[in-house]
Amino acid sequence: MAIMQRIAVLGLTLALTAIAGVPQGQADDFPSRPLRLMIGFPPGSAADITARLVGAAMSETLGQQLVVESRPGAGSSIAAEFVARAPADGYTLYIGTSSNVTNAAIGSNLRFDFAKDFAPVTPLTGLPLILAVHPSLGVSSVEELIALARSKPGELTYASVGVGTVPHLSTELFGVRTNVKLVHVPYQGSPPAVTDLLAGRVSMMLGVASTIMPHVEVGRLKALASGSAKRPHIAPNLPTMAEAGLPDFETSVWFGLVAPAATPRPVIEKLAAAANRALKSADVVAKLRTQGFEPLGGPPDEFARFIARETVKWEAAASAAGLKK
């Protein structure tokens, strides 16, 4: 589906949300009881950390507690489906992630449509991805890596934290955008992937900055660029992919607040305002950055357009990886 079609679908979702509005008095009274904030990953995960740090600050603004509930499984789809079927009154929310978009891009057997069944509220946090190589590869820039890969088609290997994950599809996208052939070596999670990268058993990896940078700082890995739009706080001296010569390449693991699609627009806006206020809190920002997150934020419509772009991007990457069903 073309990007303009995706944007139209998400725009329609937001329009229907506005039409479904509630009397202003009811919107002013929202919330009048605690809210449920669902995550699709276990306690202690990045989604859980985001939910608890931002949710606690939102509770202060809204005057009601946001109770974080974890329903892990199926790449976060169990929790997503639960919220998609919940009453559209703003009291049951979900921490949507880049995983929801990649799951849809791959064509998994989902019983909900992330683009149609949710109303975007605001992006919350991002985990920057860092392109790192083993020092034995002998490259010091993205340009040198591309040149080496082109001179040895199909010889350079890259690790990922699993098939269909953002790091996997990001590296496939890197290959497409640079016209290089890389060999994928999937692992079950970050620890074994990083272990083999450190040992030189794989050549490179796009990994979460908080995992990669400690090894870069002691010289065990060489970082070439970050995938984020701006230089991340955790790696301020590292160029972005755009600065390294790939202006159309941007990727990160992100987490955002969404609600059931028919949630009234005044409620969406009230939730967005509370979340954005939380993301501007010096205390929240400090706590997030300590754990490697970049605070995001923005209006609902902008988040909808971002999700539309992400959907098109990951559909193309899934096709390149041979994962599109």
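Asp301 is partly exposed, at 31% relative accessibility; buried means under 20% relative accessible area, exposed over 50%, and partly exposed in between, with a 1.4 Å probe and protein chains only. This is a predicted model, in which local features need pLDDT of at least 70 and side-chain atom pairs count only at pLDDT 80 or more, while totals for chains, interfaces and linings use all residues. Residues are numbered from 1 along each chain as its sequence is written, and side-chain values use heavy atoms, with hydrogens and water left out.

**Salt bridges**

A salt bridge here is a side-chain nitrogen of Lys or Arg within 4 Å of a carboxyl oxygen of Asp or Glu. By this rule there are 13 salt bridges.

| Asp301 | Arg265 | 3.0 Å |

In the pair of Asp301 and Arg265, Asp301 sits in helix α13 and Arg265 in helix α11 (residues 265–279), so the bridge ties together parts that are 36 residues apart in sequence. Helices (H or I, at least four residues) and strands (E, at least two) are DSSP runs, numbered from the N terminus. Arg265 is buried, with a relative accessible area of 16%. Salt bridges with shared partners join Arg265, Glu269 and Asp301 into one network.

Glu69 is partly exposed at 22% relative accessible area, and Arg36 is partly exposed at 29%.

Asp48 and Arg52 are four residues apart in helix α3 (residues 46–62), so about one helical turn separates them. Asp48 is buried at 5% relative accessibility, whereas Arg52 is partly exposed at 44% relative accessible area.

**Backbone details**

A cis peptide bond, with omega about -5 degrees, joins Phe30 and Pro31. Pro31 lies in the loop between α2 (24–29) and β1 (35–39).

Ala74 is not a glycine, but its phi is positive, near 55 degrees. Ala74 is found in the loop between β2 (66–70) and α4 (77–84) and is exposed, with a relative accessible area of 56%. Asn179 also has a positive phi, about 60 degrees, without being a glycine. The loop between α8 (166–178) and β6 (183–186) holds Asn179, which is exposed at 64% relative accessibility.
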